[in-house]
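Reader: I have a model open and want to learn to read its features. Where do we begin?
Author: With the structure itself.

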Amino acid sequence: MKDRAEREVERRAEDVTSRAVNSILDEMEDAVVCVATDPECISEAEENGDPVVITDEEGEVVEVRDGDEPGEAAAAVEAAGVDAEVAESASARPGEGAWANYDFVPGNQILFATNFENETIGRFPQQMEFVGGMMQLVEWEGHTLLESTNLESHIRIPLSEPLPERFTIEFDAYISARRLGMNIGVLLSPTSNPRDFRRDEQSHFVLGRSESGIGGPNESFRGVTGYHDELTPIRIAVDGTYGTMYVNEQRVANMPVLQIERNDFIEMVIGGRSESPAYISNIRVAGGGTQLYDRLMADGRVSTQGIYFATGSATIRPESTGTLTEIGRMLAQNADLRLRIEGHTDDVGDPESNRALSDRRATAVMMYLVNEHSIDASRLEAVGMGEDAPVANNDTEEGRQNNRRVELVRL
């Protein structure tokens, strides 16, 4: 067994190591450095119970994995001062822990998207329609949020086309856990009663102080989880009349008999109070479509919007679990299927940097399928397209999000 000094000399002699890598190695005595495109290195380290520092081809850290001591990786990246997104990957990866059974897959065509970027603080956002109440944009910990200080705050979100048979809705939300009577409701048909929309004869999704779930005409309210006193990701999936709702990584409710008006808008009621505001942000509505395999067989390629990466990085975020699992199962069930994985970006930033980032991201997806779903690497190839093949206009947020995608191409 080599002593620590000898291992350190060998590691630091590697051209791929960076200052961040060396800082982590100072904290993790037995860590092994592997390039993301070397699955044998990663697998051998994990089989030996060693922590793994995974880098891209340029030596930048993209992920740190625990060995036999849980929590060691998270502590090491924090002590080394590594980017927070990389630190998150040390403890949360797709398909592991709380994300193991996460099956949400977002739609592939963006119908509406906003993170309120470039909007004026203190005003109501231009992309939405004000219906009533008291709302304004505020800044909080680097985020821009829509704040409601009225229980009857009510907005309409216009869509680029009517809701299709399958669609998804995503947003971040905050409701104070200290006050009763506060709700955030997503309504799939207009309401005349924003103060108590749950009594209207329509289907709705609701977040409440003590429970969250789905309701509908002549149906009792269904909710199985409390709501946390923090900004929390909310995800909704509708397939025909079947609705599913997720809070964080947990599926909180199903309803098979939704009654929906498929309009070119959705409405939200954001029930806040002046002393305890409610907040929403990062809203995205997307059309679904047929299953990945059916679309791939029909068109030869399919675009996915459900593979998420840390900002400016090839680190795959854990909420990508549903989409990655669907791709992995599709490949496992169709042994003759071969795929090219294409990474695409919008046109924000330097074109060459965008191409390099998209290539690293495509490679990260390929290696995840190889390592986590045991797909033979000879069936896959990865390529970064950068901003060269847009499918929408980059002048709008919806267009940019449609362009930021991973595409699967049948070979």
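Reader: Is the link of C34 and C41 left-handed or right-handed?
Author: The link of C34 and C41 is left-handed, with -70° about the S-S bond. Before going on, some ground rules. This is a predicted model, in which local features need pLDDT of at least 70 and side-chain atom pairs count only at pLDDT 80 or more, while totals for chains, interfaces and linings use all residues. Residues are numbered from 1 along each chain as its sequence is written, and side-chain values use heavy atoms, with hydrogens and water left out.

Reader: How many disulfides does the structure hold?
Author: The general idea comes first. A disulfide is a covalent bond between the sulfur atoms of two cysteines. The cut-off here is a pair of cysteine sulfur atoms within 2.5 Å. The structure holds one disulfide. C34 and C41 form it, with their sulfur atoms 1.9 Å apart.

Reader: Is C34 buried or exposed?
Author: Buried means under 20% relative accessible area, exposed means over 50%, and partly exposed lies in between (1.4 Å probe, protein chains only). C34 has 1% relative accessibility, so C34 counts as buried. C41 is also buried, at 18%.

Reader: How many aromatic pairs are there?
Author: A pair of aromatic rings is described by the distance of the centres and the angle of the planes. Rings of Phe, Tyr and Trp (its six-membered ring) pair if their centres lie within 6.5 Å; planes under 30 degrees apart count as stacked, over 60 as edge-to-face and the rest as tilted. The structure holds six such pairs. One of them joins W99 and Y102: the centres are 5.0 Å apart and the planes at 85°, so this pair is edge-to-face. Both residues are buried.

Reader: Which parts does the pair of F104 and Y246 tie together?
Author: Geometry first. The ring centres of F104 and Y246 are 5.5 Å apart and the planes are at 70°, so the pair is edge-to-face. F104 lies in the loop between α5 (84-89) and β4, and Y246 in strand β15 (residues 242-247), so the pair ties together parts that are 142 residues apart in sequence. Helices (H or I, at least four residues) and strands (E, at least two) are DSSP runs, numbered from the N terminus. F104 and Y246 are both buried. Ring pairs link W99, Y102, F104 and Y246 into a cluster.

Reader: What sits over the ring of F265?
Author: The test is NZ of Lys or CZ of Arg within 6 Å of the ring centre and within 35 degrees of the ring normal. Here the charged end of R156 sits over the F265 ring, 3.8 Å from its centre.

Reader: How far apart are the end C-alpha atoms of helix α8?
Author: The expected span of a helix is 1.5 Å times one less than its number of residues. Helix α8 (residues 351-373) has 23 residues and should span 33 Å; its end C-alpha atoms are 32 Å apart, which agrees. S374 follows α8 and has a positive phi, near 55°.

Reader: Which residues touch the most other members of the largest nonpolar core?
Author: In soluble globular proteins, nonpolar side chains tend to be buried together. A nonpolar core is a set of buried Ala, Val, Leu, Ile, Met, Phe, Trp, Tyr and Cys residues joined through side-chain atoms within 4.5 Å. The largest has 39 residues, of which F171, I184 and I280 touch the most other members. Apart from it lies another core, of 26 residues, including V302 and F309.
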